[in-house]
Amino acid sequence: MRRVREIALAFPRGAHQEIFIEGVLRYARDQECDWSYITAPESLSLSVLDLVGWTGDGILAAINTEREAACAAALSIPVVNISSALLRSPVPRSIVDNRAIGFLAAEHLVGKGFQTYAYYGLSGVQYSSDRRAGFEERITSAGCRCVEFLAQPTFGLGGNQWLLQYRVLAEWVAALPSPCGLFAVSDYRARQAIDACRQVGLQVPEQIAVIGVDNEQIICEHSSPTLTSVARNDQLEGYRAAAMLDRLLSGKRVSLEEPPISPLQVVQRESTATFAVSDARLRQALSFLHQHLEQPITIDQITEHAGVSRRWLEYAFRDVLGETPYQYLRRQRLAMARRLLAEDPAAKVYSIAQQAGFSSAKQLAIAFQQDFGMSPREYRKSNVASFTS
């Protein structure tokens, strides 16, 4: 009979972390690992600092500070880091693609027609810097600029430090040009931004549209307005972290930095349910396009609904959104197809094509190859590879 291995979950428990844990458990089931898990009994928040002297077998940890990093490096048992708060990790880590998260958030806001943008992040935190870089990359390509506000992170801080940041945040939000698309480093910070807008009398999303990261259900669906968020692939991150730890437990070598895991999608809710364009006809065209995205609508149908000529629509899209109506429609449909491919690995490609508004699986495959350099099937395989390897 194999000995049960004791695995510590040394990270704060919560909404998206629970999905991460589902990935860990899925790996353990798939590989028939005899693992038993420990965490803090009441607080459900354990740190590697609390595990000095512990005689277990392995640790999955969020290493957010230099002190925690030094502690993890000194431990005699295998540790896999699941945090990208630090630039470098002293132990192997499994992390999400933070630049891609920022880029995806910007893509969503650019598609809404905003001309001014803001980033609310954290100072001295690597994943915040990476998300800002991805966000600014897309904003810059759209010919726009971004202003930023960086708050002090609260890792390891007690008391009401996060509450004291509200006043300064509200002053910054009040000075933003309107309308503005605001990207916050996390859903918690995005919720703070919404509260700050309310405090200074700014309407969300009409004046400030807000998007966060993590798709935390209790925050996103129970704030007012509800919060748009970039959903990470937490289950895949957990699955890969568990696979890395399993290899370490078997005495195998693991690289310190595995390729980061791409985000899943933008989950749109009320906080970005707007189009920041002054012309009512263009707003009407955009609204009709998004309402019928899954249907094989044509550009002529959009112009007819908005009561404009095709030539007018072409100029309006190029002027405000930097692309033609066809390019915009195609990009939105491809984004939907990517999400559907990742969400449902068993769905047929022709079914995905129909749901995303493409006339055929061949049309979807051609568009996919042109934009991503791979077929829909290859894209799907790249997303599930870590689950089946």
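Trainee: Which strands does helix α4 lie across, and at about what angle does α4 run to β5?

Mentor: This is a predicted model. In it, helix α4 covers residues 126-141. The helix lies across β5, β6, β7 and β8. Its angle to β5 is about 170°.

Trainee: In what order do the six strands of that open sheet stand?

Mentor: The pairing in this sheet is mixed. The edge strands are β6 (146-151) and β10 (265-267), each pairing on one side only. From one strand to the next, the twist averages 20°. The order is β6-β5-β7-β8-β9-β10.

Trainee: Which residue of β7 stands opposite Y117?

Mentor: Strand β5 spans residues 117-122, and β7 spans residues 180-184. The two pair in the parallel sense over four bridges. Opposite Y117 stands G181.

Trainee: What is the order of the open sheet with four strands?

Mentor: Here the pairing is parallel. β2 and β4 (79-81) stand at the edges with a single partner strand each, so one side of each has no neighbour in the sheet. The twist averages 20° from one strand to the next. The order reads β2-β1-β3-β4.

Trainee: Which residue of β2 is the bridge partner of A8?

Mentor: Strand β1 covers residues 5-10, and β2 covers residues 35-38. Four bridges pair them in the parallel sense. The partner of A8 is I38.

Trainee: And in β3, what is the bridge partner of I7?

Mentor: β1 also runs parallel to β3 (residues 58-61), joined by four bridges. The partner of I7 in β3 is G58.

Trainee: Which residue of β4 stands opposite I59?

Mentor: β3 and β4 are parallel too, paired over three bridges. Opposite I59 stands V79.

Trainee: How many residues make up the largest nonpolar core?

Mentor: Residues with the most contacts inside this core are Y117, Y120, F135, W172, L182 and V210. A second, separate core has 34 residues, including I297, A316, L340 and F358. The largest core has 49 residues.

Trainee: D246 is buried, so which side chain of opposite charge is nearest, and how far away is it?

Mentor: D246 sits in helix α9 (residues 234-249). Leaving aside residues up to four places away in sequence, D246 touches Y27, C33 and W35. A salt bridge needs nitrogen and oxygen within 4 Å, and D246 has none. The nearest opposite charge is R5, 5.7 Å away.

Trainee: Which residues are linked in a network of salt bridges?

Mentor: Start with E107 and R138, whose side chains meet at 2.4 Å, N to O. This pair links distant parts of the chain, with E107 in helix α3 (residues 98-110) and R138 in helix α4, 31 residues apart. E107 is buried at 17% relative accessibility, and R138 is buried at 12%. The network links E107, R138, E323 and R331.

Trainee: What separates D195 and R191 along helix α7?

Mentor: Their side chains meet in a salt bridge of 3.2 Å, N to O. D195 counts as buried at 17% relative accessibility, whereas R191 is partly exposed at 31%. The two are four residues apart, so the separation is about one helical turn.

Trainee: How far apart are the closest N and O atoms of R247 and E258?

Mentor: R247 lies in helix α9, and E258 in the loop between α9 and β10. They are 11 residues apart in sequence, so their pair ties those parts together. R247 is partly exposed, at 31% relative accessibility. The closest N and O atoms are 3.7 Å apart.

Trainee: Is D214 buried or exposed?

Mentor: D214 lies in the loop between β8 and α8 (217-220). Its phi is near 115°, positive although the residue is not glycine. N215 is in the loop between β8 and α8, with phi near 55°, and is partly exposed at 24%. D214, with a relative accessible area of 8%, is buried.

Trainee: Which residue does a cis peptide bond join to S178?

Mentor: The bond's omega is about 0°. Another cis bond runs from V204 to P205, with omega near 10°. S178 is joined to P179.

Key
Residues numbered from 1 in each chain as written. Predicted model: local features only at pLDDT ≥ 70, side-chain atom pairs only at ≥ 80, totals over all residues. Heavy atoms only, no water. Pairing = 2+ DSSP bridges. Buried < 20%, exposed > 50% of the residue type's maximum accessible area, 1.4 Å probe, protein only. Lys, Arg positive; Asp, Glu negative; His and termini not counted. Contact = heavy atoms within 4.5 Å. Core = buried A, V, L, I, M, F, W, Y, C linked by side-chain atoms within 4.5 Å. Axes fitted to C-alpha atoms, helices over the stretch in contact; angles between N-to-C directions.
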